[in-house]
Amino acid sequence: MAGILLVILSVLLSAPSPTIAMDVGPVPQTVQDRLLPQGDNVVVRPWVTNLEVPWSLAFLPDGRALVSERPGRIRLIKGGVLQSRPWATIDVLNVGEGGLMGLAIHPNFPRDPYVYAMYTYKEKGEAINRVVRFKDESEGGRFDRVIVDGIPGARNHNGGRIAFGPDGMLYICTGEKYERNLSQDVNSLNGKILRVTPEGGIPDDNPFDSRVWSYGHRNPQGLAWHPVTGDLFASEHGPSGESLVFGNDEINVIIRGANYGWPEVVAAPSVKPYRDPIIVWRRATPPAGIAFYDKGPLPHLRNDLFVATLRSNALIRVRLKKESNTYSVFAIERWFATSDTEGRFGRIRDVVTGPDGYLYFLTSNRDRRGNPGRNDDTIYRIMPR
């Protein structure tokens, strides 16, 4: 109870004054969430246990995997076994939601043997976020270079997800660090999805002659590309009391140069020039990592979007289709959940499709907001029943 009160107090003290009016629109989807405590014809097994606040899981082409732990360790997994020695250690600012966050593998790995990581650090008393890359040396990683630096950070709302797109560019989620005016400022790196080259340069086709790809975000934490259409999807945390509005977490389709409305609009009011989300959850769900299931031994899940969620303790499956250049949602399933706030595995931070065609998800029960079990935190594997 003391921990919960501390989190609430931290949020209230960090949030700006709730006096700015917001246009709160309707929910865009027409379907209701359905609880599926056992999932859909699947079985779940622990894969790796006893991690400390894992944030991101990335598979290497040779069968190895890397997982980030928020206190600053990148851990190596070989043959399903967690190695005792960290693959790399980073000096991070591990407070609140800050620390070591997203991982990404160079799209030309192993020809370009680089692993990218985003983390929070402290400089002159201020929290800063940066993206760096390491060169893979099998049992460990050697620091190579800084890719993007100087992204203002905070105790909470650092974004943190990074991923390479089909275009070979690196996309980076950044939070607005509870300074909502930054989201609408295209000259700020906060409250954005950034897009850079693998070396950190600005691509020629970026919309603002800067690293900014889209703006008007609050705290995006998931990136995934549809396996058929190639469209970029992102998850985003909605308000936690700003202007006395709560919940309204989102799934968005990300368009070059588009404005997603924070803090001017919430949900889907259809107000120009802002782009509406395709899904809004009124009750706080906070979505984190997302992934599409492409192909493998779970064919009934093909092209479905999976969303790791935190407070709602569910892995959400979204069934959707694109018609006339618009996505419609025809089913939303809350896997492993017994209610809107309770689930079998607790808080879930990331979900990934593995090279074996199974789905993997990470718990986040040791992040001081969850209730850790005996072997938490854990990476689970979803297989056919």
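The model is predicted, so local features need pLDDT of at least 70 and side-chain atom pairs count only at pLDDT 80 or more, while totals for chains, interfaces and linings use all residues. Residues are numbered from 1 along each chain as its sequence is written, and side-chain values use heavy atoms, with hydrogens and water left out.

**Cavities**

- The model holds 2 cavities of 30 Å³ or more; a cavity is a set of points, on a 1 Å grid over the protein atoms alone, where a 1.4 Å probe fits but cannot get out.
- The largest cavity has a volume of about 70 Å³, where volume is the space filled by probe spheres set on the points, and grid points are joined across faces, edges and corners.
- Its lining (residues with an atom within 4 Å of a point) includes Arg-218, Glu-236, His-237, Asn-248, Tyr-260 and Trp-262.
- That lining divides into 6 nonpolar, 3 polar and 3 charged residues; Ala, Val, Leu, Ile, Met, Phe, Trp, Tyr, Cys and Pro count as nonpolar, Asp, Glu, Lys and Arg as charged, and the others, Gly among them, as polar.
- The second largest cavity has about 40 Å³ of space, and it is lined by Trp-55, Arg-70, Glu-97, Met-101, Asn-158, Gly-159, Gln-221 and Arg-349.

**An open sheet**

- Four strands in the order β17-β18-β19-β21 form an open sheet with antiparallel pairing; strands are DSSP runs (E, at least two residues), numbered from the N terminus, and two of them pair if DSSP finds at least two bridges between them.
- The edges are β17 (220-225) and β21 (279-281), each with a single partner strand, so one side of each has no neighbour in the sheet.
- β19 (residues 249-254) pairs with β21 in the antiparallel sense over 3 bridges, and Asp-249 stands opposite Trp-281 in β21.

**Backbone details worth a look**

- The peptide bond from Lys-272 to Pro-273 is cis, with omega near 5 degrees, and Pro-273 sits in the loop between β20 (265-266) and β21.
- A cis bond also runs from Asp-376 to Asp-377, with omega near -5 degrees; Asp-377 is in the loop between β27 (359-363) and β28 (379-384).
- Val-53, in the loop between β3 (42-48) and β4 (54-59), has a positive phi near 50 degrees.
- Asn-248 has a positive phi near 60 degrees, lies in the loop between β18 (232-236) and β19, and is buried at 4% relative accessibility.

Key: 1 Å grid on protein atoms, 1.4 Å probe; cavity = no way out; pocket = protein on both sides within 12 Å on 5 of 7 lines; lining within 4 Å. Buried < 20%, exposed > 50% of the residue type's maximum accessible area, 1.4 Å probe, protein only.
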